[in-house]
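Hi,

Here is the structure I said I'd pass on.

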Amino acid sequence: MATYSEQIAGLAEQYQNATGRTTYTTKEVGAWALDAGLWEPQRDSLIRQFAEDLSRALREQYITDPQGRRIRAKHAIRQDGEQGALWADIRLATREHMEAAFQQRRQQIVSDCRQLKIDVDSYNENHNSGRLIQMVFDFTLDLAELELADA
């Protein structure tokens, strides 16, 4: 009995035989296999794809607050030991949910800054033949400037 990976890899060979093409994209093979009734998406895969699409859509949903600021409407928190995130609307969420969501987003920013510092340090030490590139990770002035621009 072939594994699932072996079965879907075999579809590429069937695609080549059916179309005569020697080069192809995985999307082309997927569309062909789906149209030919040779492959059907698994329910879990469809749910996972929907969840990813919905998460993206929720992150992009903004509202205007009473002070005229454009703010994210939906906020997520990652749950320990569970897959996925727990979403809430900022207008309805508990303080605990929002505090956790804000802290988790802050941690994501810190992680991005850490990786940026590692990348800059590596570039400066291994590839930079000129002046060292300096990064400032205190965003106080940047935030103040952006707030002034919004006023």
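Helix H3 (43–59) gives the largest share of the lining of the second largest pocket, eight residues, and strand S4 (85–89) is another element that supplies at least two. (Helices are DSSP runs of H or I with at least four residues, strands are E runs with at least two, and both are numbered from the N terminus.) Before going on: this is a predicted model, where local features need pLDDT of at least 70 and side-chain atom pairs count only at pLDDT 80 or more, while totals for chains, interfaces and linings use all residues. Residues are numbered from 1 along each chain as its sequence is written, and side-chain values use heavy atoms, with hydrogens and water left out.

Back to that pocket. It holds about 300 Å³ of space, and its lining includes Asp44, Phe50 and Trp87. By class there are six nonpolar, three polar and three charged residues. (Nonpolar covers Ala, Val, Leu, Ile, Met, Phe, Trp, Tyr, Cys and Pro; charged is Asp, Glu, Lys and Arg; the others, Gly among them, are polar.)

A pocket here is an open set of points on a 1 Å grid over the protein atoms alone, where a 1.4 Å probe fits, with protein on both sides within 12 Å along at least five of seven lines; lining residues have an atom within 4 Å of a point. Volume is the space filled by probe spheres set on the points, which are joined across faces, edges and corners.

The largest pocket has about 850 Å³ of space. Of its 20 lining residues, Arg105, Ile109, Leu143, Leu146 and Glu147 lie nearest the centre. Strand S2 (70–72), helix H4 (95–126) and helix H5 (140–150) each give two or more residues to this lining, with H4 giving the largest share, seven. The lining divides into 10 nonpolar, two polar and eight charged residues.

On to salt bridges (a side-chain nitrogen of Lys or Arg within 4 Å of a carboxyl oxygen of Asp or Glu): the count is seven. In H4, Lys117 pairs with Asp121 at 2.6 Å between the closest N and O atoms; they are four residues apart, about one helical turn. Arg95 and Glu99 form another, at 3.2 Å. Arg95 is exposed at 59% relative accessibility, while Glu99 is partly exposed at 43%. (Buried is under 20% relative accessible area, exposed over 50%, partly exposed in between, with a 1.4 Å probe and protein chains only.) Finally, Lys74, Asp89 and Arg91 are linked in a network of salt bridges.

Cheers
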